[in-house]
Amino acid sequence: MNDILPHTEHGLFADDSALWTTSNTLTSLAQRLEQSIDVFESWCKSWRLKLQPTKTEIIHFRLHPRKKYKHSVEVKVENTTIKPLDATGYLGVIIDKELKWRNHLQHLESKMTGRISLLRYLVKSAQEPNQKTMINIFKAIARSVMTYGYPVLLTANEKVWDRLQIIQNKALRATLGLSIDTSVEYVHRISKIPTIKEYATSLLHKSFNTASSNKGQTLLLRSNNSILGSNIGFHQIRSDPASDLLTWDSF
């Protein structure tokens with residue numbers, strides 16, 4: 001992947017890959033992505049990998065998400081035209097073109113419903129539920145889900161975090177066997193659990209402190225302001241093994 005053009009970044013993690021680039025014009029944006037995809041296709045062929053265009057997705061982030069263009073950013077993979085979507089999933093995080101995180105929030109709410117029910121069941125089924133044990137279970141199966149991807153979620157507005165806090169309140173009430181009308185202040189006081197945003201922020205600070213304290217390591221922070229006024233094209237690919245020929249696709 002060292003041959004990917006300088007104007008395009010790429011990410012590889014297990015069976016997931018992504019390409020992204022920026023430009024001030026749609027034409028240049030599409031050209032940059034197309035060039036990088038061509039290079040990526042060549043790399044795949046050299047490693048006996050085959051792209052699956054039907055599972056490849058592209059999303060276009062722009063300064064004015066609601067602005068309509070006569071011609072959207074499109075790319076071709078294996079001679080198949082890929083058109084941009086309103087949202088796509090990458091490494092467990094649902095990213096929408098407006099970066100409002102509504103789709104990801106709906107995904108979390110759906111995922112947490114079953115976990116909250118499980119917490120209530122565990123409390124009711126135990127003759128003498130241990131609060132410390134239940135709090136540890138809450139941290140393992142509930143809070144870890146809500147804070148997954150916290151470095152990017154911390155860019156979300158307060159409305160998103162308010163809804164996440166409501167989910168945490170429900171989960172804590174279930175964890176402690178409390179009624180749904182128990183005050184939030186009481187729930188947090190007896191559980192000694194911080195608000196979900198406070199916890200996510202503490203994780204971020206801890207990560208920075210750990211990275212900066214490692215000798216011989218370089219910590220690079222890139223400001224979000226550097227992309228303002230630019231168009232961003234994001235192209236995602238995922239790989240799945242198939243007999244002796246690996247297939248790369250995206251979701």
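Me: Leaving aside neighbours within four places in sequence, which residues is histidine 104 in contact with?
Reply: Histidine 104 is in contact with Gly92, Val93, Ile94, Tyr148 and Leu153, where contact means heavy atoms within 4.5 Å. This is a predicted model, in which local features need pLDDT of at least 70, side-chain atom pairs count only at pLDDT 80 or more, and totals for chains, interfaces and linings use all residues. Residues are numbered from 1 along each chain as its sequence is written, and side-chain values use heavy atoms, with hydrogens and water left out.

Me: Is histidine 104 buried or exposed?
Reply: Histidine 104 has a relative accessible area of 2%, so it is buried (buried is under 20% relative accessible area, exposed over 50%, partly exposed in between, with a 1.4 Å probe and protein chains only).

Me: And where is histidine 104 placed?
Reply: In helix H2. Helices are DSSP runs of H or I with at least four residues, numbered from the N terminus. Arginine 102 lies in H2 too, which covers residues 102-125. Arginine 102 counts as partly exposed because its relative accessibility is 45%.

Me: Switching to aromatics. How many aromatic pairs does the count come to?
Reply: The count comes to 2 aromatic pairs. Rings of Phe, Tyr and Trp (its six-membered ring) pair if their centres lie within 6.5 Å; planes under 30 degrees apart are stacked, over 60 edge-to-face and the rest tilted. Phenylalanine 40 and tryptophan 43 are stacked because their ring planes are at 25 degrees, with the centres 5.7 Å apart. Tryptophan 43 also pairs with tryptophan 47, and that pair is tilted, at 6.5 Å centre to centre and 45 degrees between the planes.

Me: Which residues form the aromatic cluster?
Reply: Phe40, Trp43 and Trp47 form one cluster. Phenylalanine 40 is buried at a relative accessible area of 1%, whereas tryptophan 47 is exposed at 58%.

Me: Next, H5 and H6. At what angle do their axes cross?
Reply: The axes of H5 (residues 158-176) and H6 (residues 184-191) cross at roughly 60 degrees and come within 10 Å. Axes are lines fitted to C-alpha atoms, for helices over the stretch in contact, and angles run from 0 to 180 degrees between N-to-C directions. The two helices are therefore oblique to each other (under 35 degrees is roughly parallel, over 145 roughly antiparallel, 65 to 115 roughly perpendicular, the rest oblique).

Me: Which residues of H6 make the contact?
Reply: Val184, Val187, His188, Ile190 and Ser191 of H6 make the contact, with Gln165, Gln168, Asn169, Leu172, Arg173 and Leu176 of H5.
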